[in-house]
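Welcome, and thank you for taking a look at this one with us. Please keep the sequence and the 3D view open side by side as you read.

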Amino acid sequence: MKKVLRWFILGVTLFFLGKALKDNWLEVSSIHIDAAGWASLVVATGVTLLAHTWAAWIWTWVLQELNQSVSSPQFIQVYLKTNIAKYLPGNVWHYYGRILAAKNANVSVGGATLSVLLEPLLMATAALIIVVLFGSQLAVNNTNLVIQILQIVSLFVVLGALHPWVLNLLIRFLYRLKNKKSDPENQSISSLSIERYPLRPLLGELVFLGLRGTGFILTMYALGSLKLSQIPLLLGAFSFAWVLGLVVPGAPGGLGVFEATAIGILQHRFPAALVISAIALYRLISIFAEIAGAVFASLDESLAS
């Protein structure tokens, strides 16, 4: 059923994207990027690379919240080198690579595993905070109040899920689940405990989403003019589309789901051709920034050894 669901979601999103591109192809092909636009795209790429590097640093904070002693430069390298693996089928291989690298660096398996579970939860919470703050314009027709209520309820749910009491319950559940097998590494889970609310990593993820959203806004600006009053809408729309790409199954790296959601939200507020072009271009920028991050991390590792 999971495979069927993944293929169904992928098929629907690809159909939607293909139809949107077909309906607006003439307008898309007529878009021209001037020198200032190319400069904006270069800055967008740099900001996106900075965002991924910042996310790598936050991962070390999450490990420290779990009382794991880690070398920040080393684990930032690990994060950046494994980041591109999220586009592989299954959308879990970047997590697997980080757990394996952390284990080889003498971090407990339980701590490494819990860190890669907490990181997307923190990211989703940060995205929902931005949506609640800046996403009041996302709804259409008369559904604004309903959308806002759902956003606030979802935010409180994930904020509650980050409470140490809930997280420690999860740790004990994982320990009982793994303790069915006679594996001495299971003791690493039983010894874990979160002593305080992970506020610092959560604030860090807010900065991460702000940087990612800035990269997207700069991409939109490179293709067409924007008003200052449109920035909150773009930031809220980006965060909503991004978090859906994070949580919807069958979308490695949010590929397809992010694009379809962003187009669905923004095509009624901006020219459709501008939205489609900017979203496609931003995906390329994001992938390029992730590849560049992996290359720079590998070079830095080689020079340090």
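What percentage of the 305 residues in the chain is made up of buried residues? Buried residues make up 48% of them, where buried means under 20% relative accessible area, exposed means over 50% and partly exposed lies in between, with a 1.4 Å probe and protein chains only.

## Ground rules and confidence

This is a predicted model, in which local features need pLDDT of at least 70, side-chain atom pairs count only at pLDDT 80 or more, and totals for chains, interfaces and linings use all residues. Residues are numbered from 1 along each chain as its sequence is written, and side-chain values use heavy atoms, with hydrogens and water left out.

The predictor's confidence in each residue is its pLDDT, on a scale from 0 to 100. The chain averages 82, and 78% of the residues score at least 70. Confidence is highest in helix α10 (residues 199-223), at a mean of 95, and lowest in helix α9 (residues 187-190), at 54. Where pLDDT is low, the predicted coordinates should not be read in detail.

## Overall architecture

The chain has 13 helices and zero strands. Here helices (H or I, at least four residues) and strands (E, at least two) are DSSP runs, numbered from the N terminus.

Contact means heavy atoms within 4.5 Å. Of the contacts in the chain with a separation of 6 or more, 75% are between residues 24 or more positions apart. The accessible surface comes to about 15500 Å², and 70% of it belongs to carbon and sulfur atoms; such areas come from the Shrake-Rupley method with a 1.4 Å probe, and for residues only the protein chains shown count as cover.

Helix α4 (residues 72-83) has 12 residues and reaches 16 Å from its first C-alpha to its last, close to the expected 16 Å. The expected span of a helix is 1.5 Å times one less than its number of residues. Among the buried residues of α4 are Phe-75, Val-78, Tyr-79 and Leu-80. The buried residues of this helix pack against α3 (35-65), α5 (93-104), α6 (109-134) and α13.

Thr-82, also in α4, is buried at a relative accessible area of 14%. Leaving aside neighbours within four places in sequence, Thr-82 is in contact with His-94, Gly-97 and Arg-98. The charged end of Arg-98 sits over the ring of Tyr-79, 3.7 Å from its centre. For a charge to sit over a ring, NZ of Lys or CZ of Arg must be within 6 Å of the ring centre and within 35 degrees of the ring normal. Arg-200 has its charged end over the ring of Trp-61, 4.4 Å from the centre.

Leu-88 is in the loop between α4 and α5 and is partly exposed, with a relative accessible area of 44%. Not counting residues up to four places away in sequence, Leu-88 touches Trp-93 and Pro-252. Leu-88 and Pro-252 are 164 residues apart in sequence, yet 6.4 Å apart in space, C-alpha to C-alpha.

Rings of Phe, Tyr and Trp (its six-membered ring) pair if their centres lie within 6.5 Å; planes under 30 degrees apart count as stacked, over 60 as edge-to-face and the rest as tilted. The count comes to 12 aromatic pairs. The rings of Phe-238 and Tyr-282 have centres 5.8 Å apart and planes at 85°, so this pair is edge-to-face. Phe-238 lies in α11 (residues 231-247) and Tyr-282 in α13 (residues 272-304), so the pair ties together parts that are 44 residues apart in sequence. Both Phe-238 and Tyr-282 are buried. Phe-216, Phe-238, Phe-258 and Tyr-282 form one aromatic cluster.

## Around helix α13

Leu-281 lies in α13 and counts as partly exposed at 21% relative accessibility. Leaving aside neighbours within four places in sequence, Leu-281 is in contact with Ile-33, Leu-41, Thr-219 and Leu-223. Leu-281 and Leu-41 are 240 residues apart in sequence and 9.1 Å apart in space, C-alpha to C-alpha.

Pro-271 is found in the loop between α12 and α13 and counts as exposed, at 53% relative accessibility.
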